[in-house]
Amino acid sequence: MPIVAVLNGPNLNLLGLRQPELYGHTTLADVQAMAEAKAAALGLAVEFRQSNLEGELIGWVQQCRGRAAGIVINPAGYTHTSIALLDALLASELPVIEVHLTNIHRREAFRQNSITGKAATGMIAGLGPQGYVLALEAMAGLIGPGQASGARGPGRTA
Ligand code: CA2
């Protein structure tokens with residue numbers, strides 16, 4: 001099955017536990033369960049990870065090259081600061097979908113520019129955890145039926 005890395009940046013481990021008025025009550029474990037269920041239905045294998053460290057996120061992006069079929073990423077605060085993460089995403093030469101729980105364009109001016117977005121094929125913002133599910137659906141389309149329909153494709157008897 002094609003692998004899609006779903007990477008989450010700093011403080012997203014606090015999802016559902018702090019600031020629910022802004023980020024809602026769904027935890028990151030809930031988001032992971034939603035993503036895994038959607039991926040299974042699409043015939044994709046999800047590698048779901050979160051880190052508070054820029055270098056760790058960059059390492060995971062580097063590991064995707066030649067191994068994963070695509071990257072779904074919520075770079076969180078690094079969205080607005082990290083040229084290093086942008087460079088890693090560009091170097092991956094993979095389809096990238098950037099996800100934001102909130103609509104960054106409705107927030108503070110410093111959140112309205114996404115540096116990492118320059119590496120993104122597409123971006124989903126403002127739809128909460130559902131954005132991850134939509135991103136996986138879109139990623140299945142970007143990867144293509146030949147690779148993403150492992151559960152239904154040729155060579156399978158069931
Ligand atoms: O809207 C998004 O998904 C963001 O990527 C979330 C980031 C923020 O820095 C970006 O501008 C937009 C913040 C992630 C931290 O998430 C928390 C969740 C609960 C409590 C505290 C932080």
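This is a predicted model: local features need pLDDT of at least 70, side-chain atom pairs count only at pLDDT 80 or more; totals for chains, interfaces and linings use all residues.
Glutamine 19 sits in the loop between S1 and helix H1 (20-23), and its phi is positive, about 45°, even though it isn't a glycine. Most residues other than glycine have a negative phi. Alanine 76 is another non-glycine residue with a positive phi, here about 50°. Its setting is the loop between S3 and H4, and alanine 76 counts as buried because it has 21 C-beta neighbours inside 10 Å.

The loop between S3 and H4 also holds threonine 81. With 15 C-beta neighbours inside 10 Å, threonine 81 falls in between and is therefore partly exposed. Across the fold, threonine 81 lies 8.3 Å from threonine 116, C-alpha to C-alpha, with 35 residues separating the two in sequence.

Now for the sheet. Five strands make up an open sheet in the order S2-S1-S3-S4-S5, and the pairing is parallel. At the edges are strand S2 (45-50) and S5, each of which pairs on one side only. Ignoring direction, neighbouring strands are turned by 15° against each other on average. Strands of a sheet pair through backbone hydrogen bonds, either parallel or antiparallel.

On one side, S3 and S4 pair in parallel over three bridges, with valine 72 bridged to isoleucine 97 of S4. S4 is also joined to S5, again in parallel, by four bridges; here histidine 100 stands opposite alanine 125 of S5. Five of the five residues of S4 are buried, so the strand is largely enclosed by the rest of the structure. That goes for both faces: Val96, Glu98 and His100 are buried on one side, and Ile97 and Val99 on the other.

Histidine 100 turns up again at the ligand, as one of the closest residues, alongside Asn11, Arg18, Leu101 and Thr102. In total, 16 residues surround the ligand. By type, this shell divides into seven nonpolar, seven polar and two charged residues.

The largest nonpolar core takes in 41 residues, and those touching the most other members are Val4, Ile71, Val72, Tyr132 and Leu136. Two or more residues each come from strands S1 (3-8), S3 (70-74), S4 (96-100) and S5 (122-125), and from helices H2 (28-42), H3 (54-64), H4 (83-92) and H5 (130-143). Of these, H5 gives the most, with seven residues.

Alanine 40 has 13 C-beta neighbours inside 10 Å, so it counts as partly exposed. Methionine 1 lies 9.6 Å from alanine 40, C-alpha to C-alpha, although 39 residues separate them in sequence.

Notes
Residues are numbered from 1 along each chain as its sequence is written. A residue is near a molecule or strand if its C-beta atom, placed from the backbone, lies within 6 Å of it. Ala, Val, Leu, Ile, Met, Phe, Trp, Tyr, Cys and Pro count as nonpolar, Asp, Glu, Lys and Arg as charged, and the others, Gly among them, as polar. A nonpolar core is a set of buried Ala, Val, Leu, Ile, Met, Phe, Trp, Tyr and Cys residues joined through C-beta atoms within 7 Å. A residue is buried if 20 or more other C-beta atoms lie within 10 Å of its own, exposed if 12 or fewer, and partly exposed in between; C-beta atoms are placed from the backbone. Two strands pair if DSSP finds at least two bridges between them. Axes are lines fitted to C-alpha atoms, for helices over the stretch in contact, and angles run from 0 to 180 degrees between N-to-C directions.
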